[in-house]
Amino acid sequence: MDAGLLILRLVVGLLIAGHGVQKVSFHLGGGGLAGGTEEFRRDGFRGGRLTALAAGAGQIGSGLFLAAGLLTPLAATAAAGVMTVAVTVKRPKGLWVQNDGYEYPLVLVAVPAALALTGPGRWSADQLLGLTPWPLWMSPAAVLAGPGIGLLTRLVLHRPATAGGGAGRAQAAG
């Protein structure tokens with residue numbers, strides 16, 4: 001079981017971190033901070049560079065912490081939160097990834113939630129530092145808080161489309 005949790009943490013954590021690196025740099029095929037900023041504007045978000053930086057940092061940090069099994073419930077909350085935002089962006093395109101749907105971001109919400117419930121396993125920084133077991137309430141709180149924070153972020157930062165010009169004109173001004 002511990003080997004399975006380690007593989008799951010490493011693969012998913014590093015993929016989430018890599019996704020964040022793409023938002024803020026040219027590494028791993030990213031478009032740099034300007035590209036990340038434009039992506040958020042195109043998707044109808046306020047905040048420009050700050051939004052791209054916060055999302056990138058959230059993905060990098062939560063992904064690396066998940067991979068290490070460090071502060072796992074908190075890392076799972078942050079990872080599920082940022083990936084819930086991605087689900088909301090892709091939701092209008094349907095579920096399946098071949099249509100640019102939300103299938104993949106949904107997996108990246110579900111796996112951190114599962115890790116919050118199972119724990120990171122014996123081969124983790126949490127175990128090494130004596131941080132486990134977590135209080136019983138923390139795992140379900142992480143499972144609920146991550147997507148909840150993601151939905152709240154979407155609600156606060158999303159720009160509604162405007163009549164006659166869509167969100168694009170408003171985005172260009174922000």
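This is a predicted model: local features need pLDDT of at least 70, side-chain atom pairs count only at pLDDT 80 or more; totals for chains, interfaces and linings use all residues.

**Stop 1**

Select S25, which sits in the loop between α1 (2–24) and α2 (32–42). Is S25 buried or exposed? With a relative accessible area of 14%, S25 is buried, because buried here means under 20%. Now show the side chain of S25: one of its polar atoms lies 3.1 Å from the backbone nitrogen of H27. Leaving aside residues up to four places away in sequence, S25 touches G30, G31, G32 and L33.

Stay in the loop between α1 and α2 and pick L28. Check its backbone: phi is positive, about 55°, although L28 is not a glycine. L28 counts as exposed, at 58% relative accessibility.

**Stop 2: α2 against α3**

Next, select α2 together with helix α3 (residues 49–68); their axes come within 8 Å and cross at roughly 105°. How are α2 and α3 oriented to each other? They are roughly perpendicular, because angles of 65 to 115 degrees fall in that class. To see where they meet, show L33, G36, T37 and F40 on the α2 side and R49, T51, A52, L53 and A55 on the α3 side. Colour that contact by class and you get 5 nonpolar, 3 polar and 1 charged residues.

**Stop 3**

Move on to L71, in the loop between α3 and α4 (72–90). Here is another positive phi in a residue other than glycine, this one near 50°. L71 counts as partly exposed, at 29% relative accessibility.

**Stop 4: a cis bond**

Jump to P133, in the loop between α6 (125–128) and α7. Look at the peptide bond from T132 to P133: omega is near 0°, and the bond is cis.

**Stop 5: α5 against α7**

Last, select helix α5 (residues 103–118) and helix α7 (residues 138–157). Their axes come within 8 Å and cross at roughly 160°, so the two helices are roughly antiparallel. The crossing of α5 and α7 is right-handed. For the contact itself, show V109, A113, A116 and L117 from α5, plus S139, P140, A142, V143 and P147 from α7. Which classes turn up there? The contact of α5 with α7 has 8 nonpolar residues, 1 polar and no charged.

Terms used: Residues are numbered from 1 along each chain as its sequence is written. Side-chain values use heavy atoms; hydrogens and water are left out. Helices (H or I, at least four residues) and strands (E, at least two) are DSSP runs, numbered from the N terminus. Buried means under 20% relative accessible area, exposed over 50%, partly exposed in between (1.4 Å probe, protein chains only). A polar contact is a pair of N or O atoms within 3.5 Å; within protein, one must be able to donate a hydrogen and the other to accept it, and residues adjacent in sequence count only if both atoms are side-chain atoms. Contact means heavy atoms within 4.5 Å. Axes are lines fitted to C-alpha atoms, for helices over the stretch in contact, and angles run from 0 to 180 degrees between N-to-C directions. Angles under 35 degrees count as roughly parallel, over 145 as roughly antiparallel, 65 to 115 as roughly perpendicular and the rest as oblique. A crossing is left-handed if the near helix is turned anticlockwise from the far one by less than a right angle, and right-handed if clockwise. Ala, Val, Leu, Ile, Met, Phe, Trp, Tyr, Cys and Pro count as nonpolar, Asp, Glu, Lys and Arg as charged, and the others, Gly among them, as polar.
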